[in-house]
Amino acid sequence: MRIVLSRVLGAEALGTYQIAQSFFYVLVTVVASGLPSTISHLSARYKVTSDKEAEGRAVSSSLIIGISISVILEILLFCVKDLIINATTVEVYTIILCLSPSILITAIYGSFRGALWGKQKHTQNCLAEIGEQLTRLVLFFILLTTAPTPMIGAIRAGLCYSISCLVSMFIVIIFYFKSGSVLRKPGKTFKTVFKQSWPITLLHLVSSIAQPIISIIIPYELQCAGYTETQAIGLFGIITGMTLPLLTLPDTLIGSYSTALIPEISANVVKKDTEELTNQVKSAMTFTLFICFCFVPIYIGVGEEIGSFLFNNTTSGHLLAKAAFIMIPMGLSNITQNILNSLNMEFKSFKNYIIGSVFMFLSIIFLPRFIGVNALIVGMGSSILISSVLNILMIEKYLQIKGIIWKPLALMSIFALPSSLIGSFMSGVLKCLVPQFFEIAISAGISLLSFIILCSVFNVVSISTIFVSLKRFKKTRIMRKRQKKMLV
């Protein structure tokens, strides 16, 4: 979808859409982060005790909290209309309005989705996500390609987002009740849901608030460095709409893995199974490192070609190659935050994020005049590196173990360098021999293969270690099927 947006809208309109989304994410984060995570956490615990009534009370509590907050946010959005327009443009505010129905939709959707997470109904959640993404993609092709101007296309993109969210909401509600779950009066569970969700919400809220601030500071600082307003917004659109989505690709796999793993960690906390808990955390860390490092040599070696092929923009590819290594702390920050939340250490995770964010703002305020838009890469890298290291140290202290990832991290960093050089060399050789697509595919494949071989030869990672949780999930599903047959 980023490819469609970048090609149809162009850098300037895409930059406007990204600025609008950054403001919108501030609002939607309040109902889309802490509540679903908390319900997932609680649902996994109630599953251990087979308490459907308690799960129903928790979901009802989440719905009441989420819907109430979303209504307040919708009203607030109209109250600060002039403030947003003065800080940005009328087009940005119009796009935000088109996105705003998603706040209420997400409040409802997130509560039911969290319950399905906790019960490990991953297929159902997957189908809801696929329904949303396919709907959005079809609408993008229909509405954006027929837009008379790129800016009208950006506004229509906001409408597409809201409509597709509505589709996923209906799908997940159907699956929730079909699984035998119920809704009950909140009772005392209301306080529990609110208490556990607010630190997670606060963490993501601060992160979301940072986005519109960044979207204002970076273009402003670039203009102070000599760029025109159009050039500054265009560069911001390139790095946020083209480069960063590719850098977050590993998080797609890591997020899916953590979605499946976190309910099991929560259940083992209840069972006080320390040995299994330690194995789960180690597997998660190893999996995260391996997945992130698989992308590093590809992006460094053929990043410029990828940017040119996907977005018809060599600048995005150049930035992609330079920023490849920040995927490592990004992945570790993602998985460690989820682990800390499952260990009832939500507030400590929030404090670590705040400490890292200080370095982000220092970078984007003082560095753009010297290194341009690269200041955002430096700021993001330093911020998430610090917060992820602090998270890892807390997890090691909780589990009373040391050196969970430091050795494999060092070795994979070394192996990524020759693998990147091999990919770059192959790209140079094939550039004049085959079409660009095959150049990228062959070079990236050889680069990835060389990295995997090095990891295997030096026994840094093994297939059994990476996929141990997947086997465990499969075994759990088989046992459930057998239990159902016995009941029948």
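Me: How many aromatic pairs does the structure hold?
Reply: Glad you asked! This is a predicted model, and the structure holds 11 aromatic pairs.

Me: What makes the pair of Phe24 and Tyr161 edge-to-face?
Reply: The ring centres of Phe24 and Tyr161 are 5.6 Å apart, and rings pair if their centres lie within 6.5 Å. Their planes stand at 80°, and planes over 60 degrees apart count as edge-to-face, so the pair gets that label. This pair links distant parts of the chain, with Phe24 in helix α1 and Tyr161 in helix α8, 137 residues apart. Ring pairs also link Phe24, Tyr25 and Tyr161 into a cluster.

Me: How do you know whether Phe24 is buried or exposed, and what about Tyr161?
Reply: Buried means under 20% relative accessible area. Phe24 has 0%, so Phe24 is buried. Tyr161 has 13%, so Tyr161 is buried.

Me: Why is the pair of Phe295 and Tyr299 called tilted?
Reply: The planes of Phe295 and Tyr299 are 55° apart, with 5.9 Å centre to centre. Stacked needs under 30 degrees and edge-to-face over 60, so the rest count as tilted. Both Phe295 and Tyr299 are buried. They are four residues apart in helix α12, so about one helical turn separates them.

Me: Why are helices α18 and α19 called roughly antiparallel?
Reply: Helix α18 (residues 406–430) and helix α19 (residues 436–457) pack at an angle of about 155°, with axes 8 Å apart. That makes α18 roughly antiparallel to α19, because angles over 145 degrees count that way. Their crossing is right-handed.

Technical notes. Residues numbered from 1 in each chain as written. Predicted model: local features only at pLDDT ≥ 70, side-chain atom pairs only at ≥ 80, totals over all residues. Heavy atoms only, no water. Axes fitted to C-alpha atoms, helices over the stretch in contact; angles between N-to-C directions. Helix = DSSP H or I, 4+ residues; strand = E, 2+ residues; numbered from the N terminus. Parallel < 35°, antiparallel > 145°, perpendicular 65-115°, else oblique. Left-handed = near helix turned anticlockwise from the far one by under 90°. Phe/Tyr/Trp six-rings, centres within 6.5 Å; stacked < 30°, edge-to-face > 60°. Buried < 20%, exposed > 50% of the residue type's maximum accessible area, 1.4 Å probe, protein only.
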